[in-house]
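Please consider the following model together with its ligand.

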Amino acid sequence: MTVVLYPGSFDPIHNGHVEIVETAARLFDKVIVAAVRNPQKGEALFSLDDRQELIAEALGHLGNVEVTMFSSLVVDLARDVGAHFIVKGLRAVSDFESELQMAQMNKRISGVDTLFIPTTSSYSFLASRLIREIARFGGAIDSMVPECVAERLAKRYP
Ligand code: ADP
């Protein structure tokens, strides 16, 4: 049984993330989606608990997906949950440089390999940061995020 770990901030989860998990869930036996607080991304919009709840709801249609959160190194979590690979989504060449560096560092410190799944062009412009900004000013984000996220954002920014 092959288990993969898909880590990210997911603040909030959007359709680009969902697509990556759907692909990973088709390719592997189990996908563990793990939300982390990333201080480099500035102040979070949703708490880790809220993010975990939204991720679980957005991915409820997939039977082989588990959701968790963490505040350790990704490679330590990968070892603890028995993940064979780390999975990351790639939007564009701009993602590739930092993701490649992270993948090589993770390989060096733990031996764990990272697999990249490319997004389709219809989702390649999606980023949680942009969704937070648009939602804050009342813009339309419904086509970019799962329904539960759109509802939560609408409550947050009435
Ligand atoms: P964001 O950049 O949207 O804040 P995260 O930090 O939560 O996203 O990203 C978690 C993972 O999801 C990373 O591997 C990132 O490259 C990937 N990802 C983010 N947005 C997309 C997208 N639109 N399509 C595919 N993968 C994505």
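Which helices and strands each supply at least two residues of the shell around the ligand? They are strand 1 (3-8), helix 1 (15-27), strand 4 (85-90) and helix 4 (93-110), where helices (H or I, at least four residues) and strands (E, at least two) are DSSP runs numbered from the N terminus. The model is predicted, so that local features need pLDDT of at least 70 and side-chain atom pairs count only at pLDDT 80 or more, while totals for chains, interfaces and linings use all residues. Residues are numbered from 1 along each chain as its sequence is written, and side-chain values use heavy atoms, with hydrogens and water left out.

The shell around the ligand comprises seven nonpolar, eight polar and five charged residues; Ala, Val, Leu, Ile, Met, Phe, Trp, Tyr, Cys and Pro count as nonpolar, Asp, Glu, Lys and Arg as charged, and the others, Gly among them, as polar.

A backbone N or O atom of Phe10 lies 2.9 Å from a ligand oxygen atom, and a polar backbone atom of Gly89 is 2.6 Å from an oxygen atom of the ligand. For Leu126, a polar backbone atom is 3.1 Å from a nitrogen atom of the ligand.

Salt bridges (a side-chain nitrogen of Lys or Arg within 4 Å of a carboxyl oxygen of Asp or Glu) number eleven. In one of these, Arg152 pairs with Asp50, their closest N and O atoms being 3.7 Å apart. Because Arg152 belongs to helix 6 (residues 147-156) and Asp50 to helix 2 (residues 48-58), the pair ties together parts 102 residues apart in sequence.

How values were computed: Polar contact = N/O pair within 3.5 Å; in protein donor to acceptor, adjacent residues only side chain to side chain.
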